[in-house]
Amino acid sequence: IIYLFVLTMAIYFSASSYYFTGDDFTWFRWVADSRPSLFTAIYDFVQSDGFFYRPGTKIYFSLMYSLFWLNQSVYHFGSFLLHFGVAALLFLLSKRIFKNYFLAVVTAFLFVILSGYQEEIFWVSSTGHLFNAFFILLGILSFALWKHSRRNWNVDHRTNIFIY
């Protein structure tokens, strides 16, 4: 997993100096026009107000904009870390599926170097795709670990408490 981190940073580090492009400006226009607060974050989670309904991405941009304003390097490093997280989860999941360390390594390294997810790294506005991939893989891996443990959880219906 450390090698995946080193490879991810080695390949994509030069992209940290790329300025924003494409839909990034749409998100920044929205953040600049709104007044981020706890109330607006909750409101954005249930309303789109004629904008994209992507509440997680809206909250991410609100927080990042209020903390780092227009520092593109920080946004790109966030994308690098998410891409690395997806690659690490893919490695762990493929190791569990293939039951072969070599195939798991090849799968994760191919994911890092192939161009399928490069747009998500270069365009800050597509960070939501990285979050989705990260949490989907985390959910699948968590389910596989739970299923493998063969532990049964029962509910005591009188007290609604889980019994192990």
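What volume does the largest pocket have? About 270 Å³. A pocket is an open set of points on a 1 Å grid over the protein atoms alone, where a 1.4 Å probe fits, with protein on both sides within 12 Å along at least five of seven lines; lining residues have an atom within 4 Å of a point. The volume is the space filled by probe spheres set on the points.

This is a predicted model, in which local features need pLDDT of at least 70 and side-chain atom pairs pLDDT 80 or more, while totals for chains, interfaces and linings use all residues. Residues are numbered from 1 along each chain, and side-chain values use heavy atoms, without hydrogens and water.

Of the 15 lining residues, Arg-54, Thr-57, Ser-125, Gly-128 and His-129 are the closest to the pocket centre. Two elements, α4 (55–68) and α8, each give two or more residues. Helices are DSSP runs of H or I, at least four residues long. The top contributor is α8, with 4 residues.

| Class in the lining | Residues |
|---|---|
| Nonpolar | 5 residues |
| Polar | 7 residues |

**Nonpolar cores**

A nonpolar core joins buried Ala, Val, Leu, Ile, Met, Phe, Trp, Tyr and Cys residues through side-chain atoms within 4.5 Å; buried means under 20% relative accessible area (1.4 Å probe, protein chains only). The largest has 15 residues, with Leu-4, Val-86, Ala-87, Phe-91 and Leu-137 making the most contacts inside it. Elements α5 (72–98), α6 (101–113) and α8 (127–149) each supply two or more. The largest share, 7 residues, is from α5.

Beyond four places in sequence, Leu-137 contacts Val-86, Leu-89, Leu-90 and Leu-93 (heavy atoms within 4.5 Å). A second, separate core has 11 residues, including Phe-20, Trp-27, Met-64 and Tyr-65.

Terms used. Buried < 20%, exposed > 50% of the residue type's maximum accessible area, 1.4 Å probe, protein only. Nonpolar A, V, L, I, M, F, W, Y, C, P; charged D, E, K, R; others polar.
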